[in-house]
Amino acid sequence: FMVVSLTGLTTLLLGAYIALFKHDLKGLLAYSTISHLGLITLLLGLNSDLAAVAAVFHIINHATFKASLFMAAGIIDHESGSRDMRKLNGLWKYMPYTATLAIVAALSMAGVPLLNGFLSKEMFFDRALNDPSSFSLLIPILATIAGVFSVAYSLRFVHNVFFNGELKDLPKTPHEPPRFMKIPVDLLVILCFVVGTIPMYTVAPMLAVAVTGSLQTDLPEYSLAIWHGF
């Protein structure tokens with residue numbers, strides 16, 4: 001616990017904090033990825049079957065929304081010639097379709113309900129609060145702070161790139177990419193929503209296989225309902 005979970009907790013916080021101040025689109029996404037990997041590591045160190053379920057579930061969800069965000073960042077770079085968030089302002093006007101896809105994926109990264117990121121993050125907070133440890137109060141408090149950071153850098157991504165005024169000194173005028181460049185992002189963003197709304201009919205079988213293989217024991221009882229109360 002001391003080595004794995006506290007290293008994960010430190011990585012979760014530092015990655016999220018650094019992501020807040022990155023101006024490069026892929027830099028922000030890269031440090032947010034480091035933060036999410038810290039979240040997963042923290043869960044795996046809690047020595048709980050349910051924490052392992054949350055970790056495996058978040059690996060699946062994070063792969064979905066983060067892959068779509070990195071591809072959206074690549075599209076933006078390709079069509080505008082820049083990844084600098086200080087220059088990429090008001091892209092909604094020029095790339096509304098790509099912007100919509102990226103916004104949905106960013107909201108999933110923030111943990112907004114009805115998207116897949118919410119489900120595994122809720123499991124994470126539940127385990128941080130309820131799994132006994134020698135740092136029983138510290139972990140849920142710092143996990144909440146990290147959650148606030150993740151909402152902040154997700155909203156910064158959305159606001160600065162798509163709504164924050166006008167373009168500034170871009171090498172070329174941005175426009176929507178060819179259709180084939182958007183299809184992979186379409187599929188992943190659809191998965192973010194479908195898994196977030198009907199998890200029992202979509203991700204549940206894959207999650208059960210992954211958890212069973214990870215724990216090498218019987219599947220623990222857990223719920224993938226989209227509402228568990230306040």
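Guide: Let us start with Leu-88, which is found in the loop between α3 and α4 (96-110), where helices (H or I, at least four residues) are DSSP runs numbered from the N terminus. This is a predicted model, in which local features need pLDDT of at least 70 and side-chain atom pairs count only at pLDDT 80 or more, while totals for chains, interfaces and linings use all residues. Residues are numbered from 1 along each chain as its sequence is written, and side-chain values use heavy atoms, with hydrogens and water left out.

Leu-88 counts as buried because its relative accessible area is 0%, and buried means under 20% with a 1.4 Å probe and protein chains only. Leu-88 and Leu-25 are 63 residues apart in sequence, yet 9.5 Å apart in space, C-alpha to C-alpha.

Rolling a probe the size of a water molecule over the atoms shows where empty space is left. On a 1 Å grid over the protein atoms alone, a cavity is a set of points where a 1.4 Å probe fits but cannot get out, whereas a pocket is an open set with protein on both sides within 12 Å along at least five of seven lines, and lining residues have an atom within 4 Å of a point.

The largest pocket holds about 270 Å³ of space, a volume being the space filled by probe spheres set on the points. Its lining has 13 residues, with Glu-122, Met-123, Asp-126, Ser-223 and His-228 nearest the centre. The elements that give two or more residues to this lining are α3 (49-80) and α5 (116-130), and α5 gives the most, with 5 residues. By class, the pocket lining has 8 nonpolar, 2 polar and 3 charged residues, where Ala, Val, Leu, Ile, Met, Phe, Trp, Tyr, Cys and Pro count as nonpolar, Asp, Glu, Lys and Arg as charged, and the others, Gly among them, as polar.

How values were computed: Buried means under 20% relative accessible area, exposed over 50%, partly exposed in between (1.4 Å probe, protein chains only).
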